Amino acid sequence: MRLPDSVTGSFLVALGAAAAYGGWILPPVPGQPVGPNVFPLVIGVGLALCGLAIVFGIGHSFEEEEELIPIEDGQAAAAPPPQNKLYSLRALLPPALLLFYVFAADRLGFIITAAVMVYVTSTALGAKWKLALPLAALSPFAIHLIFGKLLRVPLPAGLLPTPW
Amino acid sequence: MLKTLIDAFALISTWEVVIAMFAASVYGLVIGSLPGLSATMATALLVPVTFYLSPIAAIATIVAASSMAIFSGDIPGALLRIPGTPASAAYADEAYAMTRKGQAELALGAGVWFSAVGGIAGVLSLMILAPPLAEIALSFSTFEYFWLALLGLMCATLVARSSPVKAIAGMFIGLLVSCIGIENPGGVPRFTFGITDLFGGIEPIPALVGVFAVAQVMRAMLTPEPPPLPRRKFGSIMAGQWSLTRKYHWQMTRGNIVGIIIGVLPGAGADMAAWVSYAMSKRFSKEPQKFGTGHVEGLVEAGASNNASIASGWVPSLLFGIPGDTIAAIAIGVLYMKGLNPGPTLFTEKASSMYAIYLMFIIANILMIPLGIAMIRVAAYILLAPRSTVMPIIMLCCAVGSFAIGNNMFGVVTVAAFGVIGYVMEANGYPVAAMVLGIVMGTMVEQAFVTSLIKSDGSILPFFERPVAAILAAMAIGALLWPVMVWVWRKVKPAQTAAATSR
């Protein structure tokens, strides 16, 4: 997900301009010179200026390159991750699962949705089904016990209500 | 004074507080020791639980968990060379070198002991600094608050270990996020795009959970699993710590002081304190050649420093609502939720609560010694837990916790969105701590800014008229110009040397 500075900088310029414009068109408070429009305007302009500076590489010399800890003897060398486009998309799995939770929890209920989330995350991190399956079966109940029962968070029951 | 102290004791000597503190300590030790789970993340995931606790018990959990997590990050650092929290990264190499020399006990013992000493020094600074500052702060007008907030934001960008321009951009993004909603000077829906859920604005806590927890799970998806901890038998852990204290008392004190100063600076927290103190220790050491080969001196200074910053980070948080570090940013959210709104009056009206906070910090740091020793002994078993079992649970806690904040699914969407934002920012060198500070302080900055503008009636003079305001303004502008000066200096210096050599 490392993008060139020109891309992120240009995005910030656009975001800043949009924010400044969005602030500009807000209705002012009658009889007062400053209202809700000033702050977004200032921030938008500032953000756009920062974006421009980043595009032109100002301040880049301050950035520290990430230090890679060399692997020592005795520590097993990890296999280098496969370098294809799809691999880096794995990072989007956690937010996707959270959105899945938002849409599915009310229909399927907390236990089933949570079990799916745990199973998928665990497998994606390399767990075998022998580990992932019991984890997915038990951890939703544990979390429900703590949050639903103890802390009284109204978790949706859905298709599979908990025994308590 | 004595009466408030007795009241404070009464506040904390309830079963709820005692149990909350003990449980949070164990939780903090475990989370801190697991590589990839930071102290900030531990604190952020605690917040939903604090809803259901009394105010003092809620603060107790945060105090205990954050102090413990900062120490226990040293454990995998020393044994595996993988820091458990970013705050231990500065000296993980050194501690690991000691372990390889067969001095694991000494390294870990120094971690526990000097963390506890540093933590207590931090509390003392909080007790000594906060009340007189509160006196001064009582006379602050919106102009002073505006400059103070600006100074806080600028400090956060200065200390970021990244490009200052990117840090300022991150801060602006945070401020922009805080613009969302109808809580603005005009009370009009701003940047809500007709979505009702956005009318209330973006809550800081789900945003923090997203940035610190979800983004971490996202990174875990792409990084290899850390190796398991080799099991070993430890000798006495505290042996030799007293002689170390006597030998390195000056280094320890310097570490404490540096940690306190960095903690008070907004946005700079334990990790920065550890880096600065370790570098300082090496710079001023009589035997700098020993650094990196398993020398305990840097460990003493940096360990004393990072824990000192935890308590002193609460000074600006309690006084002005300006977080001293990311953990304090979360603490501010909890303080507001519990009706302990930060401000100088907190020290006069809720003095017993303040004393209770001091006492809890002291107790947490004393408790750290026995619990920390126990943790070191069982760490090998806890670190056996593979990432593929820990991360799914973290995900569930993110979902349920963010839902619990408003009993609203929109919180979960916020967490997911900020997970992506935090991940992309971090990957591209934009410091997320600056954004977090912007989100937390945004409303306050805007209020101070707009009120000051209205009061000044278009003139710029009142911003500088009052003496304190003028000093703060000079400092804020200086902080803004500092990177520019460094940049110019760097440009001029090579040119000069080049000119000198060519002559």
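## Helix α2 of chain A

In this predicted model, helix α2 of chain A contains a series of buried residues: A:V38, A:F39, A:P40, A:I43, A:G44, A:L47, A:A48, A:C50, A:G51, A:A53 and A:I54. Part of their cover comes from α1 of chain A, and the covering elements also include α9 (164–179) and α21 (432–456) of chain B.

After α2(A) comes A:G57, which has a positive phi, near 75 degrees.

## Chain A as a whole

The secondary structure of chain A consists of six helices and zero strands. Along the sequence, the pattern reads α-α-α-α-α-α. Chain A has 164 residues, of which 32% count as buried. When contacts in chain A between residues at least 6 apart in sequence are considered, 59% of them join residues at least 24 apart.

The domain assignment divides chain A into domain 1 (1–61) and domain 2 (84–163). Taken over C-alpha atoms, the centres of domain 1 and domain 2 of chain A are separated by 38 Å.

## Annotated segments of chain A

An unreviewed UniProt entry places the feature "transmembrane region" at residues 6–26, 38–58 and 131–151 of chain A. The model can be examined over these ranges. Over residues 6–26 of chain A, the chain is 90% helix and 0% strand, with end C-alpha atoms 30 Å apart. Over residues 131–151 of chain A, the chain is 95% helix and 0% strand, and the end C-alpha atoms are 28 Å apart.

## The interface between the chains

How many residues of chain A are in contact with chain B? In the model, 66 residues of chain A are in contact with 65 residues of chain B. On the side of chain A that touches chain B, at least two residues each are supplied by α1 (5–24), α2 (38–55), α4 (93–108), α5 (110–124) and α6 (129–150) of chain A. The largest share of this side, 10 residues, comes from α2(A). By class, the side of chain A that touches chain B has 47 nonpolar, 15 polar and four charged residues.

## The largest nonpolar core

The largest nonpolar core has 228 residues, and B:A60 and B:M360 are those with the most contacts inside it. Helix α7 (residues 104–137) of chain B provides the largest share of this core, 16 residues.

One of the two residues with the most contacts inside the core, B:M360, touches B:I12, B:M21, B:I59, B:A60 and B:V63, when residues up to four places away in sequence are not counted.

## A covered helix in chain B

Helix α3 of chain B is mostly covered, with 12 of its 12 residues buried. Among them are B:A39, B:M41, B:L45, B:P48 and B:T50. The elements that cover these buried residues include α2 (15–33), α4 (55–72), α10 (204–220), α13 (270–284), α16 (326–337) and α19 (387–406) of chain B. At 1.5 Å a residue, the 12 residues of α3(B), residues 39–50, should span 16 Å; the end C-alpha atoms are 16 Å apart, which agrees.

B:A207 is found in helix α10 of chain B. Is B:A207 buried or exposed? This residue has 28 C-beta neighbours inside 10 Å and therefore counts as buried, the cut-off being 20 or more. Leaving aside neighbours within four places in sequence, B:A207 is in contact with B:V177, B:I202, B:T414, B:F418 and B:I439. B:A207 and B:D197 are 10 residues apart along the chain, and 15 Å separate their C-alpha atoms.

B:C398 lies in helix α19 of chain B. Because B:C398 has 32 C-beta neighbours inside 10 Å, this residue also counts as buried. Leaving aside neighbours within four places in sequence, its contacts are A:L98 in chain A, together with B:V209, B:A213, B:V214 and B:V415 in chain B. Although B:C398 and B:V412 are 14 residues apart along the chain, their C-alpha atoms are separated by 7.7 Å.

Methods: Residues are numbered from 1 along each chain as its sequence is written. Chains are lettered from A and ligands numbered from 1 in the order in which they are written. This is a predicted model: local features need pLDDT of at least 70, side-chain atom pairs count only at pLDDT 80 or more; totals for chains, interfaces and linings use all residues. Two residues are in contact if their C-beta atoms, placed from the backbone, lie within 7 Å. Helices (H or I, at least four residues) and strands (E, at least two) are DSSP runs, numbered from the N terminus. Ala, Val, Leu, Ile, Met, Phe, Trp, Tyr, Cys and Pro count as nonpolar, Asp, Glu, Lys and Arg as charged, and the others, Gly among them, as polar. UniProt positions are given in the numbering used here, feature names are shortened, and annotations may be inferred rather than shown by experiment. A nonpolar core is a set of buried Ala, Val, Leu, Ile, Met, Phe, Trp, Tyr and Cys residues joined through C-beta atoms within 7 Å. Domain bounds come from an automatic or database domain assignment. The expected span of a helix is 1.5 Å times one less than its number of residues.
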